[in-house]
Amino acid sequence: MPTAWVDGVGRSLLEPRFQQVVPLLAGFDDSAFAKAARAELKLLTPPQLGAVHLGCDLAEIATQIKLVTSAGYRSSITPLDLIPNQAAWCCCFQDLTGGRPLAPVLGEALQQKDDDRVRWVLFLKVHDSGDAAALLQRLETKSSWVVFLLGEEGELNRDVNLLAEGVVCLMLAGWERFCASSDLSFEKSLLLQGPQRAYVLGVGSNGIDLPYHRDRWSWRVAAAIAARWRQPAAGGAAPEPPDAGGMLRYMVPKRGYTLAEPAAGDAPRPGLIIGNVELDLAWGGGGEFRPPRAVSTGDGMRHYLAVVQDTANFLRAVVFPNTRRFMQLQARSLSEQAKRSFDRQLILSPAPEGLVAFLRKRLASLREPCVRAAHVRLNAFAGGADFVALLAEAHRRIEAVPSLVSAFLRLALIGVGLIWLFVGPLVWGGTSPLDGGLGQWVFVGAMILLAVLLVAVPASYAFRMRRAIRAMEAARRAMIDAHVWEVCGHLAEQFRALGEGLCRTLDQKETQLEALVRDLAADRWQAPAGTNQRMQFGDGAVDAVMTPKLGHLIEVTYTGFGQRLTGDELPLNAATWKVALLQEAAAQVEELLAATRFDQFADGAAPMFGNRRDLLTRVIEDARKPSLLMDRSAVQPPVVCIGPPAWESELNDLVSVQLHFLATRNLVAVSVRPLDRESTG
Amino acid sequence: MIFLTALIFTVLLFVVPGELLLHWLARWMARPGLEEWIVLLLLNVFVFVLLFVSVRFTTVVIFDVGWERGRMTRRLAELLDVRGWRWLNLIGLVAVGTGAAILALEGRLPYPFWFLFAAITLGLFDLLGVREIVPLPAVRPFPRFDPAPLPAEAYGKRVSFTWEFWRAGQTDRPAIKSQEFILGDDEYSQARSRERFPRRPVQEYLKYVRLGFSPSIQRVTEHFRDASAADRLSSIDEVMNVVGFARGIEYRTDEETRDTGDYANFPIETLYDQAGDCEDHAILAATVLHNLGHDVGLFHLDLGASGHLALGYRPAGTTMLPPGPFCERADDGREYYYVETVPTAAASGLGEIDDQFLRDMEKQTVFAVT
């Protein structure tokens with residue numbers, strides 16, 4: 001708690017008002033009283049005095065004495081310095097009630113001759129002075145010892161926390177006054193009176209009941225935050241949902257395959273439809289067939305077709321299994337990534353208002369691509385042509401390509417025959433075929449036919465060659481299409497399974513969120529009944545201070561709540577949320593309460609008590625009631641009041657009351673009354 | 001053959017023209033009772049038959065007996081093939097026949113030309129012949145060693161191997177293959193006495209592949225090429241056969257076989273001992289496949305604390321293939337598939353890397369055998 005208090009309110013009070021000090025050793029036994037005192041000392045010790053306020057177990061006090069009286073200690077407390085020729089304060093806190101003996105280390109110290117390097121200041125919790133009888137008997141010869149007795153059952157009932165708060169305040173106030181004053185009077189600094197070495201303390205404290213108000217307010221803050229969660233307004237915009245197309249692309253091997261939207265007018269290609277988007281899968285293999293240079297042979301084309309056949313085998317036997325395995329691995333990886341992404345997306349909204357709606361919106365946003373993935377389907381390509389049939393057809397077409405050489409040889413044979421129809425009779429018989437009769441028509445017809453055949457033969461060859469090339473190209477395309485279609489089928493299957501798995505994950509989260517909302521709404525968010533132990537500061541006094549800060553409390557509590565839930569995954573569990581929220585609210589409320597000055601609570605309480613002076617006089621009256629049952633003399637014992645400097649004006653006419661500034665949360669007063677052994681009960 | 005004979009006959013007698021010479025001979029040989037036209041007819045028939053026999057004989061002697069017999073015969077058959085040109089033959093027959101008939105009816109066709117038109121008719125008359133379809137060739141690379149087979153090793157260790165042969169894409173049941181090889185004792189002794197190459201860098205293992213091709217390994221290599229030809233195996237199936245052979249050899253660590261931490265074998269050592277560890281299997285498979293003409297390499301997996309060596313394979317025949325998902329680019333700039341060669345790994349398909357290796361792998365590198 002006190003960090004804010006020390007940083008804020010008490011900074012000016014903690015600035016050392018002195019440069020020279022005496023070491024302050026504090027030894028504690030293991031009693032509740034000593035533990036409370038130890039905690040209080042830790043609370044009130046500013047960091048810059050850490051080297052001179054040394055707390056330890058009582059058994060170790062001798063070691064600490066050696067430390068502070070060693071030659072090197074002075075340099076270790078720089079920039080502070082030691083007051084020359086002054087003994088260290090050795091303050092011991094022990095509970096002697098129930099017949100506990102004095103700590104051995106104190107017994108040994110008592111046995112020894114007084115050491116001018118140490119002053120012993122004992123704060124002993126006792127039931128009555130008889131608990132410390134042996135000690136008290138020896139004190140008369142111990143000028144460097146002083147004992148303060150205190151108990152829980154004096155004129156007022158005081159708990160150990162109040163006692164510890166009082167004694168630590170007395171010790172620190174005394175130590176500071178000793179270090180700061182010029183006369184260096186140990187007795188004056190601790191309000192000692194005359195040669196008396198034993199005193200009874202009275203402690204009064206005024207402040208709020210911190211646990212009670214912390215609990216009350218933490219529930220109030222938690223309830224306010226929970227109410228804001230259920231507000232309809234969604235806080236913050238939903239993030240851009242993951243691109244299902246991008247997820248699909250992630251699953252496709254980067255090497256060789258590309259997934260892209262088809263351009264308008266493209267021929268149907270193997271692909272997938274995701275949502276309303278069609279993505280075609282293309283494969284980088286291929287290259288169009290080029291006819292072999294030797295036109296008279298089908299070897300080149302047959303070789304090419306054999307390569308196509310081998311490639312198809314290789315695709316089916318090697319490439320597809322590897323691609324399928326790759327996609328399976330990618331799907332697994334993508335599923336894990338998507339779930340991590342869900343966890344990253346399912347975070348608390350920046351402000352508590354509309355948190356539930358915010359989370360619902362995010363879940364809906366995440367669901368969209370998953371649903372699209374779960375409904376991915378193959379496009380209308382439907383597998384394309386049958387590769388085996390096309391391969392056989394291409395083979396037939398290749399075999400149907402005629403030999404051009406054969407054609408020209410046949411043409412030559414026919415040509416010789418046709419020419420000799422004319423030349424034969426002319427040379428051999430001496431008659432011209434153009435002399436008349438049918439012969440001349442035979443000659444003309446033969447020449448025309450020869451010319452037609454010379455054109456028809458290459459044309460026929462080119463036609464058949466082109467058909468063969470087209471058939472091979474169709475077979476090649478069918479091979480690729482068959483492979484890509486097979487890959488598409490597996491891709492769709494994997495992606496669908498991925499989407500369904502992610503949808504199931506989101507279903508679980510939605511169910512959890514709705515259960516959380518139900519449970520939180522059903523909760524009454526009321527603080528368990530408690531009792532205010534310090535009625536001078538009622539609910540109204542604290543509420544007057546805290547209510548204006550509710551907004552801030554909600555803000556910081558919500559932020560802290562988010563940090564408490566921070567992990568790999570936002571737990572959608574009402575019990576976890578409630579515990580985290582209440583814990584954070586309690587921490588924030590406690591810090592705020594602790595950082596609030598006594599004056600502010602006093603202002604809030606003023607209407608009840610009339611004025612601030614009443615609060616002060618009550619504390620002093622309480623302090624003047626000794627903590628052990630004893631006869632009270634008429635003389636009022638001196639009181640040191642530890643509280644905010646602003647209260648100094650209220651002390652003007654109060655007798656034997658001094659104000660000392662320490663960074664305490666409460667207004668504390670301690671009276672120091674000499675022990676009259678005769679009068680103690 | 002008839003067509004070729006008719007063609008040559010026509011060229012010799014009616015283009016050169018030799019018919020004048022035959023006609024002169026017929027006139028000289030004519031006797032009472034043996035008229036000139038009959039002599040000319042006999043001479044023409046004789047020349048035609050002579051040409052036919054010559055063509056047939058030449059084909060048998062030059063092509064059928066020669067070392068290129070299959071290819072050359074098929075090439076010649078393709079050159080003269082009538083397929084696709086029957087319509088041309090038919091038109092020729094009709095045109096030439098009609099012309100000759102008209103001239104003959106008008107009495108303007110001298111009888112020496114009867115032989116010309118008869119030869120043309122014979123030559124063009126292969127209208128009904130059916131040619132068998134040439135099957136698609138098996139695409140296998142040319143071997144990198146001299147294909148002339150070595151004489152069988154007479155002396156050496158007889159070693160029998162049995163292995164499973166999974167054709168590419170086959171998933172039901174593998175064929176069980178077995179073969180006995182005779183491995184030269186001297187080759188083994190020479191290999192054993194050779195100094196080992198350092199383990200690092202990893203490409204040092206390539207030296208075992210380059211230097212490991214001995215006569216015994218060549219006989220093993222020839223066996224696989226012969227088996228591929230006999231079973232009409234594709235290039236991929238041939239690789240699977242060799243890889244199955246390598247995987248059929250027992251896996252034993254170097255500590256077990258050589259009593260030392262790391263000891264790479266030349267291929268003859270692995271075969272002779274019938275055992276080896278991962279690099280020995282990979283080196284053996286790479287040596288055989290490289291010399292069969294395949295593009296292979298050594299595929300190294302860096303598993304952090306250890307390493308693993310397997311075969312890298314690039315399907316050279318299937319040039320249309322882009323790199324697949326688990327390919328790795330080698331130092332020669334080409335992509336190679338991972339092929340497991342040890343029997344202990346679960347992965348057995350081309351390109352399939354064992355799951356455990358995939359998880360542990362920090363880096364993969366391929367070194368091409370060149």
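In chain A, the axes of helix 12 (residues 299-345) and helix 14 (residues 387-400) approach within 10 Å and cross at roughly 170°. Axes here are lines fitted to C-alpha atoms, for helices over the stretch in contact, with angles from 0 to 180 degrees between N-to-C directions; helices (H or I, at least four residues) and strands (E, at least two) are DSSP runs numbered from the N terminus. Helix 12 of chain A is therefore roughly antiparallel to helix 14 of chain A (angles over 145 degrees; under 35 is roughly parallel, 65 to 115 roughly perpendicular, the rest oblique). The structure is a predicted model, in which local features need pLDDT of at least 70 and side-chain atom pairs pLDDT 80 or more, whereas totals for chains, interfaces and linings use all residues. Residues are numbered from 1 along each chain as its sequence is written, chains are lettered from A and ligands numbered from 1 in the order written, and side-chain values use heavy atoms, without hydrogens and water.

On the helix 12 side of chain A, the contact (heavy atoms within 4.5 Å) involves Met301(A), Arg302(A), Leu305(A), Val308(A), Gln309(A) and Ala312(A); helix 14 of chain A contributes Phe387(A), Leu391(A), Ala394(A), His395(A), Ile398(A) and Glu399(A). By class, this contact has 8 nonpolar, 2 polar and 2 charged residues (Ala, Val, Leu, Ile, Met, Phe, Trp, Tyr, Cys and Pro count as nonpolar, Asp, Glu, Lys and Arg as charged, and the others, Gly among them, as polar).

Over all chains, 37 salt bridges are present, each defined as a side-chain nitrogen of Lys or Arg within 4 Å of a carboxyl oxygen of Asp or Glu. One of them joins the side chains of Glu353(A) and Arg228(A), at 3.1 Å from N to O. The partners are 125 residues apart and link distant parts of the chain: Glu353(A) is in the loop between helix 12 and helix 13 (355-374) of chain A, and Arg228(A) is in helix 10 (residues 210-229) of chain A.

Most residues other than glycine have a negative phi, and most peptide bonds are trans. A cis bond joins Thr78(A) to Pro79(A), with omega about 10°; Pro79(A) lies in the loop between helix 5 (73-76) and strand 4 (81-82) of chain A. The bond from Arg200(B) to Pro201(B) is also cis, with omega near 0°. Arg232(B), not a glycine, has a positive phi of about 50° and is placed in the loop between helix 9 (215-231) and helix 10 (235-247) of chain B.
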